[in-house]
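Subject: Handing over the structure

Hi,

Here is the structure I promised to pass on. Have a look at it before reading my notes below.

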Amino acid sequence: MKTKTMTNKKTHAIDPKVAETLSGLFFRRVAATPHKIAYHYYSQDLDDWQSLSWLESYFEVLKWQAIFKQNGLQADDSIAIMAKNSPNWVFSEQAALSLGIIVVPLYPNDRAENIAYIINDAQIRALIIDGHKQILTLESIHQEINKLNMLVTIEHHSAQDKSEQKTNINCPTINFFEESKAYSNTEDLKHWQATPLMNNHISDPDSLATIVYTSGTTGKPKGVMLTHRNILFDTWAAITAVPCRSDDLFLSFLPLSHMFERTAGYYIPMMSGAEVAYARSVDALPVDLQTIKPKVLVTVPRIFERIHAKITQQLATEPAILNYLFMLTIDIGWQRFLFQQHRRAWFPGLLLWPLLNKIVAQKVMAKLGGHLRLAISGGAALSNEIAQFFIGLGLNITQGYGMTEAGPVISTNLLDDNDPFSVGQILPGIKTKFTDKGNS
């Protein structure tokens, strides 16, 4: 099996043996690159994009730790995060994991009956939500979740009408920003020195980190139990196959409640020291791509299909000569890709690529920010036609395969051995087998 080792000087990954746990990974990252930018997010209050360094992120995790401790949460308790992607999703999870608390992710817009079932099945003590809209959902099932001990909202209270803050849910409701003010100016935060307190987190890699509920094929959602070691192993195997660089910038928009985004768009950047920007929404993705100009995009086929359909519609209204140039660009670009992958010989038509790239391909890639070096497609199969279309325009796309139980990546294509019509090669350290029916 062919694998690519991490030799790029811009890769400074933290070995799982050094990290030990997911919270250890975070603290090690803070210690390694405290002043490097970690996260970007859009502030509704300031109406602008904001950034946080790893050191500033550490301070935020300390605030979440303090809130959890003050409210009696301790090791082996379970909390659920039912919020949209944001730095606080990461910070609340890291704080919980550092205390030995088990994290259960929920989809922000999940059905009420699913939410009730998971809260009770996983014995959730605290639920973290965005704000009022989700409270309305919870109120419809408040009698079924009466064992919930605490509800934490992330949205600023100032952005909500006072009447909207009232709830019939039978547990204390606190707002993170209001509660955390007490910890914003403490001497501990002001005088943090070179290395975070490494003893400020659990150190057992085989302890349970998360329970991820999947729809399954029949019946109620099934909870997949993953340890710190499970996830760290898979994260390391993934970046061993497809290196992530410390100067990469990810744009995160797939839900962190799914292990694909959680590993590929959260743990991998953290292990590698890359930056992550959180898109405002899927609808705002076209604008966010051009604003953030990401280098790496973790996505699903549906996004490529939407872009392909839009381009196709636009081409239908253009003169024949432009359609011809566009299709010629894709053809030459695809042949160029095959040549780079050592799957075909050089031919004179490749000399046209620089010109076609400048007048056609770069204009399309500019709509994706203009700086993408890699798009990781998963969750479903990307059609051969769509893959060839975007690769022909110069976009590196790698497909893979995985399942939640595996943490989740099982296989992926390599950058220098990429067959876009396949799910690639099995990650190092992972074993697979096939039944007589061909099912793995």
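Where is the place of P408? P408 sits in the loop between β14 (397-402) and β15 (409-412), where helices (H or I, at least four residues) and strands (E, at least two) are DSSP runs numbered from the N terminus. The peptide bond that leads from G407 to P408 is cis, with omega near 0°.

Some ground rules first: this is a predicted model, in which local features need pLDDT of at least 70 and side-chain atom pairs count only at pLDDT 80 or more, while totals for chains, interfaces and linings use all residues. Residues are numbered from 1 along each chain as its sequence is written, and side-chain values use heavy atoms, with hydrogens and water left out.

Back to the backbone. Most residues other than glycine have a negative phi, and most peptide bonds are trans. D76 has a positive phi of about 80° although it is not a glycine, and D76 belongs to the loop between α3 (54-70) and β3 (78-82). Q123, also not a glycine, has a positive phi of about 55° and lies in the loop between α5 (112-121) and β5 (124-129). D76 is exposed, with a relative accessible area of 62% (exposed means over 50%, buried under 20%, partly exposed in between, using a 1.4 Å probe and protein chains only). Q123 counts as exposed at 62% relative accessibility.

Next, strand β3. Five of its five residues are buried: S78, A80 and M82 point one way, and I79 and I81 the other way. In a regular strand the side chains alternate between the two faces of the sheet. β3 pairs in the parallel sense with β4 (102-105) over four bridges and with β5 over five bridges; strands pair if DSSP finds at least two bridges between them. S78 has I102 of β4 as its bridge partner, and M82 stands opposite I129 in β5.

β3, helix α4 (87-98) and β4 make a right-handed β-α-β unit (with the strands pointing away from the viewer, the path from the first strand over the helix to the second runs clockwise). Have a look at E93 in α4. E93 counts as buried because its relative accessibility is 0%. Leaving aside residues up to four places away in sequence, E93 touches I81, V103, R262, Y266 and Y267 (contact means heavy atoms within 4.5 Å).

Helix α14 (353-366) is worth a look too. α14 bends by about 40° at I359, the bend being the angle between axes fitted to the seven residues ending there and the seven starting there. The buried residues of α14, among them W353 and L356, pack against α12 (301-315), α13 (320-340) and α15 (384-392).

Last, the aromatics. The structure holds 18 aromatic pairs (ring centres of Phe, Tyr or Trp, the latter by its six-membered ring, within 6.5 Å; planes under 30 degrees apart are stacked, over 60 edge-to-face, the rest tilted). F176 and F177 form an edge-to-face pair, 5.4 Å centre to centre with 70° between the planes. F176 is buried, with a relative accessible area of 0%, whereas F177 counts as partly exposed at 25%. F389 and F390 also pair edge-to-face, at 5.1 Å and 75°. Ring pairs also link F26, F27, Y39, W54, Y58, F59, F91 and Y278 into a cluster.

Cheers
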